[in-house]
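Please look through the sequence and the structure below before reading on.

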Amino acid sequence: MEKGKFKDKVIYYRLGKKDKDAFVGAYDLYLNDIYRFIYFKISNKEEAEDIASQTFLKSWNHVQNNEISDYNTLKSLFYKVARNLVIDHYRKKSDKNNISLERGDGEVMDLVDHSQDAHEKIEISTEFENLEDMMKELKDDYREVIILRYVNELSISEIADVLDKKKG
């Protein structure tokens with residue numbers, strides 16, 4: 001068994017007993033991976049840090065409520081929570097960018113503020129920008145699979161668990 005997977009299983013078992021030290025170990029083990037996953041999805045350092053913090057807080061709540069048995073691995077729990085928080089982030093952001101105005105005749109007119117860019121440009125190498133552009137052309141589901149598999153190195157089973165899909 002691979003060292004990382006063994007460590008995950010030990011921490012997962014200890015979390016079943018609500019061991020706080022085990023959660024600190026899980027935080028140390030997965031923080032960078034979770035942050036990177038979120039950052040690739042939203043391209044904003046501060047927002048990615050906030051969502052990563054929320055991910056671990058919500059995950060701890062799952063531990064406290066004995067809900068970790070719903071997940072095959074600890075890694076899939078963290079990614080699932082992070083994925084849901086990213087989705088919530090975009091929902092909130094899109095709501096802020098829409099403004100409704102009521103005309104004199106009672107008809108509501110929706111306006112969208114196009115000056116708000118959901119993906120702010122970041123100052124990094126040209127190669128990364130090209131990769132980011134190509135990733136944007138993919139459907140969200142495909143992009144997510146690529147990030148989970150090749151950036152965060154999740155197994156097919158873990159990806160299926162995170163996305164609530166079958167392995168096939």
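Lys18 is placed in the loop between helix H1 (3-16) and H2, where helices are DSSP runs of type H or I with at least four residues, numbered from the N terminus. This is a predicted model, in which local features need pLDDT of at least 70 and side-chain atom pairs count only at pLDDT 80 or more, while totals for chains, interfaces and linings use all residues. Residues are numbered from 1 along each chain as its sequence is written, and side-chain values use heavy atoms, with hydrogens and water left out.

Although Lys18 is not a glycine, its phi is positive, about 60°. Another loop, the one between helix H2 (20-42) and helix H3 (45-64), holds Ser43, and Ser43 is also a residue other than glycine with a positive phi, near 55°. A further positive phi, near 55°, belongs to Asp164, which follows H7.

How covered are these and other residues? The table uses relative accessible area, where buried means under 20%, exposed over 50%, and partly exposed in between (1.4 Å probe, protein chains only).

| Residue | Relative accessibility | Class |
|---|---|---|
| Lys18 | 33% | partly exposed |
| Ser43 | 4% | buried |
| Ser76 | 0% | buried |
| Tyr150 | 64% | exposed |

Ser43 also shows that separation in sequence and separation in space are two questions, for Ser43 and Glu132 are 89 residues apart in sequence and 9.5 Å apart in space, C-alpha to C-alpha.

Leaving aside residues up to four places away in sequence, Ser76 touches Tyr71, Glu158, Asp161 and Val162, a contact being heavy atoms within 4.5 Å. With the side chain of Asp161, the side chain of Ser76 makes a polar contact (2.7 Å); such a contact is a pair of N or O atoms within 3.5 Å, and within protein one must be able to donate a hydrogen and the other to accept it, while residues adjacent in sequence count only if both atoms are side-chain atoms.

Helix H7 (residues 156-163) is mostly covered, with six of its eight residues buried. These are Glu158, Ile159, Ala160, Asp161, Val162 and Leu163.

Tyr150, by contrast, is found in helix H6 (residues 140-151) and counts as exposed because its relative accessibility is 64%.

Definitions and conventions:
Helices (H or I, at least four residues) and strands (E, at least two) are DSSP runs, numbered from the N terminus.
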